[in-house]
Amino acid sequence: MTSFVTAATAVDPTLETFENDIWWIVLIKLVGVFALLLLLTLFTINYERKVVARMAVRPGPNQVGPKGWLQSLTDGLKLPFKEEIIPKTADKVVYFIAPVISATTAFTAFSVMPFGGVVNMFGHQTALQLTDVPVSVLVLLACSSMSVYGVVLAGWASGSTYPLLGGLRSSAQMISYEVAMGLSIVAVFMTAGTMSTSQIVAAQASGDPVQLFGFEVTAPGWYAVQLLPSFIIYMIAAVGETNRAPFDLPEAESELVGGFHTEYSSFKFALFFLAEYINMITVSAFCTTLFLGGWRAPAPITTFWEGANSGYWPLLWFFGKVLILLFGFIWLRATLPRMRYDQFMRFGWKVLIPVSLVWILFLAFFKVARSGAISDTTRWVTTGVVAVLVLAIAWGWPSPKKPKQLSIEEELHQRPPGSFPVPPMDLQVPPSPRVRRAVAERDPVSKEV
Amino acid sequence: MNAVSTGEQVAFWILGSLAVIGALGMVLARNAVHSALWLVVTMLNLGFFYVINSAPFLGFVQIIVYTGAIMMLFLFVLMLVGRDASDSLIETLRGQRIAAIVLGIGFAALIGTGLARALGSTFTVGLDKANANGNVEGLASLLFTKYVFAFEVTSALLITAAVGAMILAHVEKAKEDKRDQVTRMKERFRPGNYPGPKPGPGIYANTMSVAAPARLPDGNGAERSISPILPVRELSQAEAAPKGTEK
């Protein structure tokens with residue numbers, strides 16, 4: 001048993017590894033994941049505020065603790081002690097349950113996240129993952145679909161207009177983007193041949209050798225490279241799913257005050273806040289697991305350092321990848337303005353979902369063709385027929401009629417009688433007298449030189 | 001008969017009672033949204049039942065599709081209807097409620113005893129063989145080979161229903177009803193219409209209420225500054241009294 005540790009190589013857990021866990025090992029891992037999520041949330045809030053501040057050329061939080069890193073801790077401690085205001089029109093029970101659902105589902109989702117391979121924990125061989133089931137990716141999706149309830153019920157139970165609008169927006173948004181997210185994961189299932197998170201990480205350990213211009217090259221194992229379209233769709237859908245900028249329409253401050261949590265205060269608001277950040281961490285960790293090789297070290301490291309994936313080292317790689325993805329989320333928030341709601345929904349349904357479907361179809365054909373299940377003639381004939389069909393459709397697709405470009409005179413002529421007057425086309429705007437004075441005042445300086 | 005383990009029995013009694021409580025709550029709740037939430041509890045428990053009966057895929061798909069998507073759409077509609085829309089409790093048919101209860105219990109008893117007698121001594125056969133290549137693979141190979149036609153027909157039916165509903169619900173505006181910018185501008189600058197924005201209510205001047213009108217130069221309240229949906233009301237004695245928070 002101990003030879004696992006001394007061998008200094010990565011040991012992938014199997015489903016039996018989790019069945020053999022003793023209860024107190026499970027308890028340690030459970031408390032560990034819980035504490036880790038709380039700490040990571042505190043860290044992420046500070047991380048986000050500092051990065052956004054740096055991007056806006058200001059210092060950000062720098063007062064509490066060393067370099068301001070304890071700011072979120074003090075804020076978090078302050079929140080539960082604030083006065084709690086429950087609206088008179090609130091539906092008390094549902095109002096109470098909503099933040100609980102949000103926080104619970106956010107924590108539960110992390111139970112199937114693989115942080116590392118098999119390690120020696122107090123003399124027992126156990127995987128750095130709370131548990132795993134054959135369909136653990138679906139557990140994550142189930143958690144994210146249940147977390148919609150927290151948001152929607154909060155909006156409804158507040159008995160107020162802005163939260164209701166926020167709740168309605170988010171239910172539509174999260175359901176639509178969950179479809180796109182699920183479809184992007186289908187490609188991973190097809191390539192890995194499993195739905196268990198630990199097995200998906202194992203499947204990305206090494207790429208297949210491929211023949212490229214007569215050379216034997218090892219293809220990259222990461223699904224972010226192999227399944228690039230799925231990776232991009234997943235990243236976009238993940239931002240929509242977590243209600244983050246530029247897709248933060250359910251809590252758009254300039255339109256809906258605070259969105260679904262407008263009427264929440266004190267500890268219940270803290271739960272929503274916690275859930276939002278944990279969700280962000282979850283989708284980043286999930287992306288790491290599905291597309292970025294999970295807890296395994298990035299490609300060149302293992303060439304120089306054999307033991308990079310052994311023992312507790314995978315934690316380093318895993319959280320390094322997660323932090324880089326979180327930086328991406330923060331970067332998006334600092335850079336992009338919020339999208340308009342109808343454009344956002346149209347993008348989800350008319351771009352992301354069709355593109356995913358076509359990509360899955362193509363991938364399925366590619367896999368069948370490569371597996372040798374069909375003969376060479378069938379393969380080439382099918383490819384040819386499909387290519388011709390696609391080209392024919394693309395050529396014959398009815399393009400929208402472009403309206404004739406009218407000159408400005410013609411447009412003016414077409415205006416109905418009684419239209420409001422417009423200035424003449426050859427209008428010469430006289431220069432502003434103030435500009436002339438400013439130039440004159442500056443002039444003496446140039447004369448001196 | 002396969003032996004039922006203690007763990008499974010414990011899980012059955014906990015989840016089973018929760019599922020039944022959820023079902024009863026759904027029928028008995030006055031508020032439509034509460035009914036929907038009770039149904040969510042029942043569906044979640046059914047999902048867990050699938051999981052402990054070694055059908056994890058089915059269980060989680062039940063949670064994602066039924067609990068996550070379908071019930072969410074129900075809630076969506078119920079929320080749009082409004083939160084005060086609860087059913088009236090007046091019986092339109094005399095004795096209908098008692099008859100419904102009796103018939104319901106009778107039907108449940110009939111189904112329960114029927115199932116118990118029919119399946120009470122049935123062995124589970126071939127479960128391991130069906131799951132030999134994994135639960136998901138087993139389901140997939142059945143769905144995409146033996147039942148592929150039924151599967152496709154069902155999906156075609158569902159798509160037809162969805163498209164039909166969209167066509168029925170979609171209202172196309174006639175071209176004449178669309179008012180262009182010139183007409184809207186003419187309406188706005190029509191004599192008798194004030195084209196500027198409405199004044200805001202007199203909040204913060206001497207009251208925090210949006211129901212307080214803004215002042216005109218002659219000291220009268222500006223009617224246009226208050227939203228017409230605001231009910232005109234006087235504060236009650238209790239509301240007007242100091243809250244005890246002022247120092």
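Helices (H or I, at least four residues) and strands (E, at least two) are taken as DSSP runs and numbered from the N terminus. The model is a predicted one, in which local features need pLDDT of at least 70 and side-chain atom pairs count only at pLDDT 80 or more, whereas totals for chains, interfaces and linings use all residues. Residues are numbered from 1 along each chain as its sequence is written, chains are lettered from A and ligands numbered from 1 in the order in which they are written, and side-chain values use heavy atoms, with hydrogens and water left out.

On this basis, chain A contains 18 helices and four strands. Along the principal axes, the C-alpha atoms of chain A fill a box of roughly 90 × 70 × 65 Å. With buried meaning under 20% relative accessible area, exposed over 50% and partly exposed in between (1.4 Å probe, protein chains only), 44% of the 449 residues of chain A count as buried. Contact being defined as heavy atoms within 4.5 Å, 76% of the contacts in chain A between residues at least 6 apart in sequence join residues at least 24 apart.

Accessible areas come from the Shrake-Rupley method with a 1.4 Å probe, and for residues only the protein chains shown count as cover. By this method chain A exposes about 24,300 Å², of which carbon and sulfur atoms supply 69%. For the charges, Lys and Arg count as positive and Asp and Glu as negative, while His and the chain ends are not counted; each charge is placed at NZ of Lys, CZ of Arg, CG of Asp or CD of Glu. The mean positions of the 32 positive and 30 negative charges of chain A are then 7 Å apart.

Chain B has nine helices and zero strands, and its elements, read from the N terminus on, run α-α-α-α-α-α-α-α-α. Of the 247 residues in chain B, 16% are buried, and among its contacts between residues at least 6 apart in sequence, 44% join residues at least 24 apart.

The size of an interface is often given as the accessible area lost when the parts come together. Here, 30 residues of chain A are in contact with 29 residues of chain B. The buried area, that is, the accessible area (1.4 Å probe) that two parts lose on being put together, summed over both, is about 2,400 Å² between chain A and chain B, and carbon and sulfur atoms give 79% of it. On the side of chain A, Y149(A), W156(A) and L168(A) lose the most area to chain B, together 26% of what that side buries.

Individual positions in chain A were then examined. S170(A) is placed in helix α7 (residues 161-192) and is buried, its relative accessible area being 0%. When neighbours within four places in sequence are left aside, S170(A) is in contact with V151(A), V152(A), N243(A) and P250(A); the C-alpha atoms of S170(A) and G240(A), which lie 70 residues apart along the chain, are separated by 9.4 Å. V257(A), in the loop between α11 (253-256) and α12 (266-291), counts as partly exposed at 46% relative accessibility. Residues up to four places away in sequence not being counted, V257(A) touches Y162(A), A252(A) and T262(A), and its C-alpha atom is 7.1 Å from that of Y162(A), 95 residues away along the chain. R346(A), located in helix α15 (residues 341-371), is likewise partly exposed, at 44% relative accessibility, and a separation of 31 Å is found between the C-alpha atoms of R346(A) and V135(A), 211 residues apart along the chain.

Backbone angles were also considered. V57(A) lies in the loop between α3 (23-55) and α4 (71-78), and its phi is near 55°, a positive value in a residue other than glycine; V57(A) is exposed, with a relative accessible area of 75%. K67(A), found in the loop between α3 and α4 of chain A, has a positive phi of about 55° although it is not a glycine, and at 69% relative accessibility K67(A) counts as exposed.
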